[in-house]
Amino acid sequence: MTNDAPACPECSQPMKAGGFVLVKREDDPRRTCRILLGCTSRHVWWRWADRPDKPLEACPVPELFRYIHR
Ligand SMILES: [Zn+2]
């Protein structure tokens, strides 16, 4: 995977990767990796690690990002 940091869709600040989480995907019985991305304004997004072409989605559990960075 690449380490490129897209801009936050909400405030256009640069984001940095905050690690990986394993989550269940609706159309897939296996757990799949999501990449967490957070900006300096504390917006937290994530996307599927294996679907980089999909748009970022707002992460419903932004505590994950802070937890990883503690
Ligand atoms: Zn932001």
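User: What share of the contacts in the protein chain with a separation of 6 or more comes from residues 24 or more positions apart?

Analyst: One caution before the number: this is a predicted model. Residues are counted as in contact when their C-beta atoms lie within 7 Å. In the protein chain, 28% of the contacts with a separation of 6 or more are between residues 24 or more positions apart.

User: Which secondary structure elements does the protein chain have, and in what pattern?

Analyst: Start by listing the elements, then read them along the sequence. The protein chain has 4 strands and 1 helix, and the pattern is β-β-β-β-α.

User: How many bridges join β2 to β3, and how many join β3 to β4?

Analyst: β2 and β3 are joined by 5 bridges, one of which pairs G38 with V44 in β3. These two strands form a hairpin with 4 residues between them, and R42 in the turn has a positive phi of about 70°. Between β3 and β4 there are 2 bridges, again antiparallel. W45 has A58 in β4 as its bridge partner.

User: Which residues is W45 in contact with, apart from its neighbours within four places in sequence?

Analyst: Those contacts are L37, L56, E57, A58 and C59. A58 is therefore both a contact of W45 and its bridge partner, by the C-beta distance rule and the bridge pairing respectively.

User: Which residues make up the largest nonpolar core?

Analyst: A core of this kind is built from buried nonpolar residues. The largest has 10 residues: C8, M15, L36, L37, C39, V44, W45, W46, C59 and F65. Across the 70 residues of the protein chain, 19% count as buried.

Notes: Residues numbered from 1 in each chain as written. Predicted model: local features only at pLDDT ≥ 70, side-chain atom pairs only at ≥ 80, totals over all residues. Buried ≥ 20, exposed ≤ 12 C-beta atoms within 10 Å, placed from the backbone. Contact = placed C-beta atoms within 7 Å. Core = buried A, V, L, I, M, F, W, Y, C linked by C-beta atoms within 7 Å. Pairing = 2+ DSSP bridges.
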